[in-house]
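Me: Please show me the model. I want to ask what lies behind the labels used for it.

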Amino acid sequence: MSLSEHSAAADARPATETRPGNYFVSNYPPFSFWSADQRGAVLDALRDPPRDAGTPLGLYHHIPFCRKRCHFCYFRVYTDKSAREIQDYLDCTVEELGRLARMPLIEGRRPHFVYFGGGTPSYLSAQQLGELTDRLKAILPWDAAEEVAFECEPGTLGPGKIEAIRRIGVTRLSLGIENFDDGLLELNGRAHRSGEIYRAYERARHEAFEQINVDLIAGMMGETEANWQRNIERVLELRPDSVTIYQMEIPYNTTIYKEMQAAGRAEAPIADWATKRRWVKEGFAALESAGYHVGSGYTAVLRPERTQFLYRDALWSGADLLGLGVASFSHAAGVHYQNLTEIGPYSEAIRRGELPLNRAYRTNAEERMIREFILQMKLGRVDTGYFREKFGADIVDRFRAELEGLEGEGLLALEGGMVVLSRDGLLCVDNLLHDFFLPHHRTNKLV
Ligand code: SF4
């Protein structure tokens, strides 16, 4: 990379005030390069048996329903669907899995990990959950899966619900707390309140899930220094197995962005990036003092030897993933794809007997290498030997200019065959990743 190109990438990093757009890098190449033209590549990939029998398989099920839409939400979410409509949607996802499971790429394989995301998976009733998972397992049994992860909104977790979640085999329960302050929860449009958090957490502990994760967001509207500290103190009192802290971003399809537009504001009404990074840094430091280990730019876990997050680690190492449901993302033998993003067209495609494909991207070997490298950077440590063995690539040589530039800024170091990010590097890791994109993929348009 020339010096001028390096400056251009650095300029693309967000200024310290929070402006609209996506900060979090969740995949590579960026979504803006995926297209409807490449949907044929999905069927090509699914029609061939796996080239590498050792590639793990995951299953993602998207439940796009919530009690209420949070003002910062950028997911495909419905708050107005009737019980009949929800059942129709679930029927479609079962049909979708049946179709995928018969494809040569999938036939005979068993999921290593399962993830229920949303939306709010815990919005479903105990009965719906039981029936849905029985039907899915009849198609693709996951009794041997190492991890079954499930996202919950605290206000949806009555006693019967949480027992049902345990019964369907969930091992990793993730509780979307985001903040403990009722005023902030209200201001940001969350449906739950702090009383529901404590009741849900206690019930989850009573059910003895293998792992409980809690999510917080640093920089919600109305956040203050004192309240952020209280959030961390409360998490420490709960002592979950895993704590995930996101830095608040304001993508274009959020209610907050629409309100900014209406008011003619360029800056979001939340803390700037430097403050959010400091809050996460202080949060991580407090968690470390209490025995936690920071395992990525967003997570701290209590017992790293026991507290794995297979979904993340497998995906960031090239696993195949079948995404079921509206707008869900999949990865099949090097082809990325996303489903149709509205429930109507999604269900109609399923009823026509088609796969509900929206857009796709067939990666080449270099893009797959870059993808795994940038995603593993989020863990804070990248093993260069892994890339030599899997891709025949010397990543230090391949990215020498970029790595030396970041080393000069004190954001990472090369230590005994590992690329190791400093804490400051880790806290802004998503900003650093664009430097490693192929030049024609460096763009601010990420979604
Ligand atoms: S609970 Fe999650 S998915 Fe649902 S509206 Fe809020 S942020 Fe979006």
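Me: Where is P29?
Reply: P29 sits in the loop between α1 (3-11) and α2 (40-47). Helices here are DSSP runs of H or I with at least four residues, strands are runs of E with at least two, and both are numbered from the N terminus. The model is predicted: local features need pLDDT of at least 70, side-chain atom pairs count only at pLDDT 80 or more, and totals for chains, interfaces and linings use all residues. Residues are numbered from 1 along each chain as its sequence is written, and side-chain values use heavy atoms, with hydrogens and water left out.

Me: What is the peptide bond from Y28 to P29, cis or trans?
Reply: The bond is cis, with omega near -10°.

Me: Which other peptide bond is cis, and where does it lie?
Reply: The bond from G118 to G119 is cis, with omega near 20°. G119 belongs to the loop between β2 (113-118) and α4 (126-139).

Me: What makes G119 part of the ligand's surroundings?
Reply: A residue is near a molecule if one of its heavy atoms lies within 4 Å of it. G119 is listed around the ligand, as are C66, K68, R69, C70, F72, C73, F75, V77, T120 and R190.

Me: How does that shell divide by residue type?
Reply: It holds 6 nonpolar, 2 polar and 3 charged residues. Ala, Val, Leu, Ile, Met, Phe, Trp, Tyr, Cys and Pro count as nonpolar, Asp, Glu, Lys and Arg as charged, and the others, Gly among them, as polar.

Me: Why is A208 called exposed?
Reply: Exposed means over 50% relative accessible area, buried under 20%, and partly exposed in between (1.4 Å probe, protein chains only). A208 has 52% relative accessibility, so A208 counts as exposed. Its phi is near 55°, positive in a residue other than glycine. A208 lies in the loop between α7 (194-206) and β5 (211-218).

Me: Why is A327 called buried?
Reply: Its relative accessible area is 12%, so A327 is buried. A327 is not a glycine either, yet has a positive phi of about 65°. Its loop runs between β9 (320-324) and β10 (329-332).

Me: What makes a set of residues a nonpolar core?
Reply: The members are buried Ala, Val, Leu, Ile, Met, Phe, Trp, Tyr and Cys residues, joined through side-chain atoms within 4.5 Å. The largest such core has 79 residues, and L46, I165, I245 and L322 have the most contacts inside it. Helix α3 (residues 83-101) gives the largest share, 8 residues. Apart from this core lies another, of 39 residues, including Y311 and M369.
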